[in-house]
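This briefing covers aromatic ring pairs, charges over rings, and the strands of a sheet. Please look over the structure first, then read the points below.

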Amino acid sequence: IILASLPKNLQLRDPEKKVFRDIGFHIAALEGDSNRVKVSTSYYRHRWISFYANMNVADPPCPEAVEPNFWSERNGDLTTLIPQLINDGFGYFLWEEKSWPSETIDWSSDVVQRHLQLVGKWYHDDTGNMKLFKIKPY
């Protein structure tokens, strides 16, 4: 009986959220599944991405973090945000088109060019285009 119900239990409950699971798994693969990683995202995506990025870590951070992991709770200027993320030990930054329009960001700034390395792109109807950046420390 248990084996018969197992395939049903292994299916993704919210298929429309698969892209966020994929992003988390991508981060885990980049980190080798052994390093705890902090990811800065919009508020609504953080739970899924942080959970899957740290799923195989011995001491994962709580996906319902109490510290400000979300760029919506920090200064909205990316050239100011990046140093804050570096100082707070963040490893990744996920940009979402519908939450933070591209035309409001100076992608060519020295800080952005020096500290953000594009490591993945995705799309979801709720977010539009998403870009995942590895944050390179000083």
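Predicted model: local features only at pLDDT ≥ 70, side-chain atom pairs only at ≥ 80, totals over all residues.

The model contains seven aromatic pairs.

**A stacked pair**

- The rings of Phe20 and Trp48 are stacked, with 5.6 Å from centre to centre and 20° between the planes.
- Phe20 belongs to helix α2 (residues 18-31) and Trp48 to helix α3 (residues 43-53), so this pair ties together parts that are 28 residues apart in sequence.
- Phe20 counts as buried because its relative accessibility is 1%, under the cut-off of 20%.
- Trp48 has a relative accessible area of 25% and is therefore partly exposed.

**An edge-to-face pair and a cluster**

- Trp95 and Trp107 make an edge-to-face pair, with 5.5 Å from centre to centre and 90° between the planes.
- Trp95 is in strand β2 (residues 92-96), while Trp107 is in the loop between β2 and α5 (110-115), so the pair ties together parts that are twelve residues apart in sequence.
- Both Trp95 and Trp107 are buried.
- These two residues belong to one aromatic cluster, formed by Phe93, Trp95, Trp100, Trp107 and Phe133.
- A pair of aromatic rings is described by two values: the distance of the centres and the angle of the planes.

**Charges over rings**

- Lys131 lies over the face of Trp107, and the distance to the ring centre is 5.4 Å.
- Lys38 lies over the face of Phe90, at 4.6 Å from the ring centre.

**The sheet**

- In which order do the four strands of the open sheet stand? The order is β1-β2-β4-β3, and the pairing is mixed.
- β1 (39-40) and β3 (116-124) are the edge strands, and each of them pairs on one side only.
- Strands of a sheet pair through backbone hydrogen bonds, and the pairing is either parallel or antiparallel.
- β1 pairs with β2 in the parallel sense, over two bridges. Ser40 stands opposite Phe93 in β2.
- β2 and β4 run antiparallel and are joined by five bridges. Trp95 stands opposite Lys131 in β4.
- β3 and strand β4 (residues 128-135) are antiparallel, with eight bridges between them. His124 has Gly128 in β4 as its bridge partner.

**Cover on the sheet**

- Is β2 mostly covered or mostly uncovered? β2 is mostly covered, as five of its five residues are buried.
- The cover is on both faces of β2: Tyr92, Leu94 and Glu96 are buried on one side, and Phe93 and Trp95 are buried on the other.
- Helix α4 (residues 78-87) lies across β1, β2, β3 and β4 and runs at about 150° to β2.

- The cut-off for buried is under 20%.
- Val119 and Phe133 are 14 residues apart in sequence, yet their C-alpha atoms are 5.5 Å apart in space.
- Leaving out residues up to four places away in sequence, Val119 touches His26, Leu30, Tyr92, Leu132, Phe133 and Lys134. Among these, Tyr92 is one of the buried residues of β2, and Phe133 is a member of the aromatic cluster.

Notes
Residues numbered from 1 in each chain as written. Heavy atoms only, no water. Phe/Tyr/Trp six-rings, centres within 6.5 Å; stacked < 30°, edge-to-face > 60°. Buried < 20%, exposed > 50% of the residue type's maximum accessible area, 1.4 Å probe, protein only. Lys NZ or Arg CZ within 6 Å of the ring centre and 35° of its normal. Pairing = 2+ DSSP bridges. Contact = heavy atoms within 4.5 Å. Axes fitted to C-alpha atoms, helices over the stretch in contact; angles between N-to-C directions.
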